[in-house]
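Please look over the sequence and the 3D view below before reading on. The paragraphs after it are meant to be read alongside them.

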Amino acid sequence: MVLCMSRSWSSIDDFEAFLNNGGIVESDDSMPDEYRLAVFRFIELHANSEQMGGLTERDWIPRTPGLRHKMAVIAKTQDEFGHAHLLYMVAADMRIKTRREMVEDLYAGKSRFHNVFHYRAKTWGHQVAIAFLVDAAALASQQAVFKNCSYGPYRRILKRIISEEGFHMRLGEDRMMRIAQGTEMQREMFQQAIDDWWWPALQLFGPDSKPNDMLLRWHIKSERNEVLRDRWVQKFVPMLQSYGFTIPDPGLRFDDDEDRWVAGPIDWAPLKKTFANVGPDSARRISEASAHWEESAWVRQALAANKTVNELVQA
Amino acid sequence: MSLTEGSAIDMLRLEAQVHSAVSSVDDPEYPGISIVDLGLLETIHVEPDGSTVIGLIPTFSGCPALAIIADDVVAAVQEVADVSTCTVDWLSSPAWHADRISHEARSCLERKFTVAVQIGQRSTTCPLCASKTVEQSMFGPSRCRSVHTCTGCGETVEVLRG
């Protein structure tokens with residue numbers, strides 16, 4: 001039961017002690033401004049990424065081969081937009097930006113979204129790699145947040161988002177199995193996709209967490225970036241190799257003593273470019289999204305007019 | 001037990017085993033909630049030779065989870081000792097309706113997933129504080145769900161409707 005009663009803390013130490021004891025913050029609590037801003041930025045980034053992800057999926061509805069995959073892509077598109085919608089509502093409740101401001105900032109290129117949406121999905125093979133590798137990376141990051149997140153409204157939304165993303169993973173595995181058992185041409189297409197998407201997926205986790213990472217300190221995230229990244233490597237290297245595919249990391253090696261895979265050095269320059277919205281496909285993505293926003297302005301106007309009419313009728 | 005000469009009792013026992021196998025299958029988007037509790041199971045036909053046909057109804061036609069649900073049901077039912085084959089039929093009638101959701105599943109949706117269930121046009125209440133919720137958008141993450149906010153605590157609530 002959520003209490004409709006706002007709580008406040010006398011100092012940041014007091015607040016941190018509350019978090020360290022497993023305390024959960026609710027939207028109407030008087031939380032410290034730094035915490036409010038950190039959580040807001042985190043949720044806004046997640047919402048923006050779901051929104052851009054939905055647009056990417058939608059691009060693929062007419063291009064997706066076969067009815068079974070096409071149905072899945074249509075539903076996944078709605079899922080991503082639905083997640084964005086829920087997340088924007090939770091973010092707006094933090095009273096830093098309105099939902100409209102968040103969407104307009106995104107389409108104006110003023111705010112950030114995940115690195116993987118700054119690349120273009122050129123072939124069906126790319127779509128399979130995204131559903132299989134990238135979705136798994138995104139899911140792992142979300143799980144690490146959900147496990148112990150101190151902000152209640154976000155934690156409850158994540159619970160549902162994660163179970164739905166888990167379902168996307170199964171669809172991704174289904175796609176991967178089909179292409180891996182396909183013709184030589186299909187296998188080559190998938191190998192090319194692995195070559196193109198391996199690094200962006202790995203970079204999604206971000207560089208090693210800093211010792212003073214406030215997201216960890218305030219229990220917004222519960223695991224370090226490098227731990228999540230390493231777990232992903234341990235899972236996908238043997239899996240892709242078992243299907244006869246290669247990993248585009250010349251530095252990758254198996255450490256016999258530690259019985260685990262060790263990835264080669266990671267070049268973080270491409271990730272930094274996506275942070276500044278100057279990745280390989282950023283400009284096209286943002287301008288297309290913004291054009292759709294303008295084209296659909298009449299729908300928002302019609303809805304607003306309808307609301308006014310209803311209010312007048314009721315008055 | 002030989003089912004070729006199976007008695008009516010044996011057939012009933014087998015049907016019960018098949019039913020419990022189907023019940024063990026969870027909805028892919030709601031782990032922990034059985035498809036039977038969500039009201040997807042309509043018919044079970046078992047022949048004396050052990051061939052089994054499970055009749056399921058989708059929450060909405062075009063649901064992308066159908067293939068995965070059917071695969072999971074076939075896998076679970078084929079684990080039953082006397083079942084020889086299992087197929088899943090997606091039935092086009094009766095239509096699924098939210099009142100097919102069991103009481104247990106409903107409270108699990110509320111408790112575990114903060115999802116409220118709306119039957120017809122009836123009003124819905126917040127799973128957290130039981131205040132009335134107001135629809136913000138009829139477009140949620142899937143065709144069977146809309147998005148509400150709670151008038152009491154302000155929680156964003158997904159509503160499963162039908």
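This is a predicted model: local features need pLDDT of at least 70, side-chain atom pairs count only at pLDDT 80 or more; totals for chains, interfaces and linings use all residues.

Residues are numbered from 1 along each chain as its sequence is written, chains are lettered from A and ligands numbered from 1 in the order in which they are written, and side-chain values use heavy atoms, with hydrogens and water left out.

Chain B has three helices and nine strands. Helices (H or I, at least four residues) and strands (E, at least two) are DSSP runs, numbered from the N terminus. In sequence order, the pattern of chain B is α-β-β-β-β-α-β-α-β-β-β-β. The C-alpha trace of chain B spans about 60 × 25 × 20 Å along its principal axes. Of the 162 residues in chain B, 51% are buried. Here buried means under 20% relative accessible area, exposed means over 50%, and partly exposed lies in between (1.4 Å probe, protein chains only). Among the contacts in chain B with a separation of 6 or more, 51% link residues 24 or more positions apart; a contact means heavy atoms within 4.5 Å.

The next topic is where the two chains meet. Chain A brings 26 residues to the contact and chain B brings 34 residues. The size of an interface is often given as the accessible area lost when the parts come together. Between them, chain A and chain B bury about 2,500 Å², with 60% of it on carbon and sulfur atoms. This buried area is the accessible area (1.4 Å probe) that two parts lose on being put together, summed over both. On the side of chain A, Gln78(A), Arg160(A) and Phe167(A) lose the most area to chain B, together 23% of what that side buries.

Nine residue pairs are in polar contact across the interface of chain A and chain B (both at pLDDT 80 or more). A polar contact is a pair of N or O atoms within 3.5 Å; within protein, one must be able to donate a hydrogen and the other to accept it, and residues adjacent in sequence count only if both atoms are side-chain atoms. Helix H3 (67–92) and helix H6 (152–180) of chain A each supply at least two residues of the side of chain A that touches chain B. H3(A) gives the most to that side, with 12 residues.

Side chains of opposite charge can pair when their charged atoms come close. A salt bridge is counted when a side-chain nitrogen of Lys or Arg is within 4 Å of a carboxyl oxygen of Asp or Glu. By this rule there are 30 salt bridges over all chains, and four salt bridges are found across the interface of chain A and chain B. Glu164(A) forms a salt bridge with Arg145(B), with the closest N and O atoms 2.4 Å apart.

Within chain A, Lys76(A) forms a salt bridge with Glu57(A), the closest N and O atoms being 3.1 Å apart. Glu57(A) lies in helix H2 (residues 33–59) and Lys76(A) in helix H3 of chain A, so the pair ties together parts that are 19 residues apart in sequence. Asp135(A) also forms a salt bridge with Lys76(A), at 2.9 Å between the closest N and O atoms. Since Asp135(A) lies in helix H5 of chain A and Lys76(A) in helix H3, this pair ties together parts that are 59 residues apart in sequence. Both Asp135(A) and Lys76(A) are buried.

In soluble globular proteins, nonpolar side chains tend to be buried together. A nonpolar core is a set of buried Ala, Val, Leu, Ile, Met, Phe, Trp, Tyr and Cys residues joined through side-chain atoms within 4.5 Å. The largest such core has 86 residues, of which Tyr35(A), Tyr151(A), Phe190(A), Trp198(A) and Trp232(A) touch the most other members. Helix H5 (residues 124–146) of chain A gives the largest share of this core, 13 residues. Apart from this core lies another, of 47 residues, including Leu38(B) and Val117(B).

Pro250(A) is exposed, with a relative accessible area of 83%.
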